[in-house]
Each structure stands twice: as structure tokens, then as C-alpha cells.
Amino acid sequence: MAAGAPAPRTEDRPSPLPWAVAGIALLALVAMIAGQRFGAARGGALDAPRSAFPQAGLDMPADAPVLRAPDISQLSPEERAARLFNRVMLLHEQGKPDSVQFFAPMALSAFQMLGPLNLDQRYDLGRIGEVSGALELARAQADSILRESPAHLLGLTLAANAAAARKDDVARRDFERRMLAAYAGEMRRALDEYALHRVDIDSAVARARRRAGA
């Protein structure tokens, strides 16, 4: 190059850095969308068996206790249903609605695996529906009990409770009136299910008497 000659001019080429950054951002966006779709698909599949029940407490806090189903693999179908019914009722009495929603579908499945239900089992199934918010299930079981035995105290108790939960005061008063009229005669029958659920019956009768006297 001759002395004093201007330096050769080079072409201005764009830097590859902005394109690299854009590519990384695009890949991150694709990964995020894929992850969201995968998570939504998993959630839908896991929640499907519980679709008949209210989905309370699905977003559990990180420090929430892990719920584990009891080991009922060695029990008969009747024993499994009874064990899960007792678990749901205990959790309800303890004021743990999220746990009730966790175990209620298991209990429902256990009762569906039984043969034709007797009146005691229908009451148990209806109570599971009542405490889990599946009020139509409770109402249907009460109707089935009362079709077979119109004065049955468990059927009247369940029907009155379901009506109260629906805020149907007319139906509740009718069921409670029938309950009070039938109470003495029905208790003389000394049915096994009356002994098993004596606390429920006594509580329902006491509520009906208070309301009747109000």
C-alpha cells in the first residue's frame, strides 16, 4: 500500500449477537408454553375421577401435610366402603374440607363396587354426598331409602339434612315433621342401622324439636 493512500474500506456487517438473543428468547417461550400445556393435561386427567365433587383446595400450600389413602387392599368390598366412610366422616368432624374432597371420590368408588346397597349403606353413601357438597347424591339416596321404608329414620334424617343444605325450608320442615311423628315407633324396631347411627338420629330429632318449638 502506497504511503498516504487511504485504508481499504470494509463493509458494515451486522453483529450476530441480537439474533442469538432473539433465538434464545424464542426457545424459552416455546418451552414455557409446552410446559403449561403438559401441566394442564396432567391436571385434567388427575381431576377426572373427582368430577362429581366440589374441587376445594386443589392449590395446596407447599407445607400442607401429604394425604395418603389407607391400606385397604386386604379388606372385603363392604369393609373397604365402611372404612372410607368412617375416614370421610372423621375428616368432616375435624373441619378438614380439603381432605374430605380428597377421600370422598375413593369412598364413592368403593360403594359403587358393592352389590345392591342395603338401607344402612345407602345412608352412608348419602352422607358422603352431603358432607362433600354432592347434594343430589344425598337426595337420591334419601329418596331410595324412603321408597323402601317411608318412615325410616335414616332416610328422613338424610332427606332433612339435604333439604337444609339446599335451603329448601318447605321440604326440610316436612321431613322433620315426619321424623318426629315416626321416631317412637321406629326406635322400637331396634334396627341395627339405628344403633350404628344413633348419634345422627338423636341430633336430627333434637334439631327438629327445637325448630318445631321455635
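**Exercise 1. State the handedness of the crossing of α4 and α5 in this predicted model, and determine how the two helices are oriented.**

*Solution.* 
Step 1. The crossing of α4 and α5 is left-handed.
Step 2. The two axes cross at roughly 160° and come within 7 Å of each other.
Step 3. Angles over 145 degrees count as roughly antiparallel. The helices α4 and α5 are therefore roughly antiparallel to each other.
Step 4. On the side of α4, the contact is made by Leu119, Arg122, Tyr123, Leu125, Gly126, Gly129 and Glu130. On the side of α5, Leu135, Leu137, Ala138, Gln141, Ser144, Ile145 and Glu148 take part.
Step 5. Sorted by class, the residues of the contact of α4 with α5 are seven nonpolar, four polar and three charged.

**Exercise 2. Compare the span of helix α5 with the expected value, and identify which of its residues are buried and what covers them.**

*Solution.* 
Step 1. Helix α5 comprises residues 135-148, which is 14 residues.
Step 2. From its first C-alpha to its last, α5 reaches 20 Å, close to the 20 Å expected at 1.5 Å a residue.
Step 3. A residue is buried when its relative accessible area is under 20%. In α5, Leu135, Ala138, Gln141, Ala142, Ser144, Ile145 and Leu146 are buried.
Step 4. The cover over the buried residues of α5 includes α4 (119-132), α6 (153-165) and α7 (169-188).

**Exercise 3. Describe the packing of α5 and α6.**

*Solution.* 
Step 1. Two packed helices are described by the angle between their axes and the distance between those axes.
Step 2. For α5 and α6, the angle is about 150° and the axes are 8 Å apart. That makes α5 roughly antiparallel to α6.
Step 3. The crossing in which α5 passes α6 is left-handed.
Step 4. From α5, the contact involves Leu135, Ala138, Arg139, Gln141, Ala142, Ile145 and Leu146. From α6, it involves Gly155, Leu156, Leu158, Ala159, Ala162 and Ala165.
Step 5. By class, the contact of α5 with α6 has ten nonpolar, two polar and one charged residues.

Terms used: Residues are numbered from 1 along each chain as its sequence is written. This is a predicted model: local features need pLDDT of at least 70, side-chain atom pairs count only at pLDDT 80 or more; totals for chains, interfaces and linings use all residues. Side-chain values use heavy atoms; hydrogens and water are left out. Helices (H or I, at least four residues) and strands (E, at least two) are DSSP runs, numbered from the N terminus. The expected span of a helix is 1.5 Å times one less than its number of residues. Buried means under 20% relative accessible area, exposed over 50%, partly exposed in between (1.4 Å probe, protein chains only). Contact means heavy atoms within 4.5 Å. Axes are lines fitted to C-alpha atoms, for helices over the stretch in contact, and angles run from 0 to 180 degrees between N-to-C directions. Angles under 35 degrees count as roughly parallel, over 145 as roughly antiparallel, 65 to 115 as roughly perpendicular and the rest as oblique. A crossing is left-handed if the near helix is turned anticlockwise from the far one by less than a right angle, and right-handed if clockwise. Ala, Val, Leu, Ile, Met, Phe, Trp, Tyr, Cys and Pro count as nonpolar, Asp, Glu, Lys and Arg as charged, and the others, Gly among them, as polar.
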